[in-house]
Every structure is written in structure tokens, then in C-alpha cells.
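Hi,

Here is the structure I promised to pass on. Have a look at it first, and then read my notes below.

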Amino acid sequence: MYEQCPFCNLKFEREPGYFLGAMYIGYGLGVVTIAVLAAVVREVIRWLVIRSTVAGIVLFLPLAPVLTWMARVLWIYMDQAIDPDRTQRFLF
Ligand SMILES: [Zn+2]
């Protein structure tokens with residue numbers, strides 16, 4: 001991940017621990033993804049719920065880096081909508 005946006009110079013990690021909030025978004029994305037994958041496995045293979053859930057978790061693991069990245073992007077968008085960092089913009 002870049003330190004700053006190459007287009008508008010927005011500093012992504014505004015302060016230490018900035019992406020802690022992204023962990024909550026990532027948790028939500030992860031739970032929803034596992035639930036969807038488990039439901040698909042349950043419908044297609046007709047396994048029991050616990051076995052389908054374990055399969056959903058295993059299928060989720062390769063997607064974890066992408067979901068972490070998406071959670072950080074969503075966090076930055078939310079943060080900029082609520083508290084825009086105007087000092088970093090328009091410096092180029
Ligand atoms: Zn930018």
C-alpha cells in the first residue's frame with residue numbers, strides 16, 4: 001500500500017493505529033463472506049451446517065487479503081466523508 005495517493009497526495013495512514021477502524025469493517029465483510037460461502041456450500045453439496053461453515057471458512061482464507069484491502073479503502077472513504085484531511089490535498 002502506498003503511503004500517499006499518487007494523484008492527490010492524501011496521506012493514507014493519518015496517525016498510528018489509524019486502520020484500527022478498518023478492522024471492524026473487515027470483520028463485518030469477513031462474517032458476511034463466510035456466511036454466503038457456507039450457504040452456497042450447503043445448497044450445492046447439502047452438507048450439515050457446521051461442515052458447511054468450516055468449508056466456508058476454508059474458502060474464505062484466500063480472499064482475506066483482498067477483503068483487508070477493501071476494508072481499508074472503505075475506512076478511508078468513510079473517514080474522509082466525516083473528517084476530510086484538507087491539508088493533504090491540492091499540494092501537487
Ligand atoms: Zn487521491
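**How the helices meet**

Gly 30, Thr 33, Ile 34, Leu 37, Ala 38, Val 41 and Arg 42 of helix α1 are in contact with Val 49, Ser 52, Thr 53, Ala 55, Gly 56, Ile 57, Leu 59 and Phe 60 of α2 (C-beta atoms, placed from the backbone, within 7 Å). By class, this contact has 9 nonpolar, 5 polar and 1 charged residues (Ala, Val, Leu, Ile, Met, Phe, Trp, Tyr, Cys and Pro count as nonpolar, Asp, Glu, Lys and Arg as charged, and the others, Gly among them, as polar).

Helices here are DSSP runs (H or I, at least four residues), numbered from the N terminus. This is a predicted model, where local features need pLDDT of at least 70, side-chain atom pairs count only at pLDDT 80 or more, and totals for chains, interfaces and linings use all residues. Residues are numbered from 1 along each chain as its sequence is written.

The axes of α1 and α2 lie 7 Å apart, at an angle of about 125 degrees (lines fitted to C-alpha atoms over the stretch in contact, with angles from 0 to 180 degrees between N-to-C directions).

Helix α1 (residues 20-45) also meets α3, their axes coming within 8 Å and crossing at roughly 130 degrees. Gly 21, Ala 22, Ile 25 and Gly 26 are among the α1 residues in that contact, and Leu 67, Thr 68 and Trp 75 are among those from α3. The α1 contact with α3 comprises 8 nonpolar, 5 polar and 1 charged residues.

As for confidence, the protein chain has a mean pLDDT of 91, with 92% of its residues at 70 or more (pLDDT is the predictor's confidence in each residue, from 0 to 100).

Best wishes

Technical notes:
Helices (H or I, at least four residues) and strands (E, at least two) are DSSP runs, numbered from the N terminus. Two residues are in contact if their C-beta atoms, placed from the backbone, lie within 7 Å.
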